[in-house]
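Let's take a friendly walk through a protein model, one contact at a time. Have a look at the picture, then read on.

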Amino acid sequence: MNLERVVFGFFIVLTLSLNVAFVAGSIETAAYHNIWILTFAIIANLVAIGLKLGDRSQTGALLLAAGLVAGLLLIAARIVWIVAEPAVGGGPGPDEMADIVSIATGALVANIIATVILVGDTLLSRR
């Protein structure tokens, strides 16, 4: 068992799971979308990107590209949240929340692609 692949796989699946946890729920209701889950998804994604930086394989390049897309979209969603949050602290309104969740859903697609690539590569390397 390769510990490096286990750790990388852990962070890929963790990022996907946190992204799903953030996106799940009514798209317009801020109460269903926790800012801390979004923040942890960003952190886990950045760790996964860092783990893939030295890999020079074609699969590593695809995983890095998918991670960069997901990271960019998650950070964009967090920036929209920061900008949209009123000074009163009530959270983003329904329109802004729909934008935030839509951006995070794009990151979810990138995370699904990364997970499929990782699983496919693992299955091919076992033969």
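The side chains of R5 and D121 come together in a salt bridge, with 3.2 Å from N to O. The term salt bridge means that a side-chain nitrogen of Lys or Arg lies within 4 Å of a carboxyl oxygen of Asp or Glu. Side chains of opposite charge can pair when their charged atoms come close. This pair joins distant parts of the chain: R5 sits in helix α1 (residues 3-23) and D121 in helix α4, 116 residues apart. Helices here are DSSP runs of H or I with at least four residues, numbered from the N terminus.

The model is predicted: local features need pLDDT of at least 70, side-chain atom pairs count only at pLDDT 80 or more, and totals for chains, interfaces and linings use all residues. Residues are numbered from 1 along each chain as its sequence is written, and side-chain values use heavy atoms, leaving out hydrogens and water.

How open are these two residues? R5 counts as partly exposed because its relative accessibility is 35%, and D121 is partly exposed at 22%. Buried means under 20% relative accessible area, exposed over 50%, and partly exposed in between (1.4 Å probe, protein chains only).

How many salt bridges does the structure hold? There are two. K52 and D55 also meet through their side chains in a salt bridge, at 2.7 Å from N to O. K52 is buried, with a relative accessible area of 11%, whereas D55 is partly exposed at 30%.

Now return to helix α4, which spans residues 94-125 and includes T105. T105 is partly exposed, at 30% relative accessibility. Between T105 and V20 there are 85 residues in sequence, yet their C-alpha atoms are 8.2 Å apart in space.

Methods:
Helices (H or I, at least four residues) and strands (E, at least two) are DSSP runs, numbered from the N terminus.
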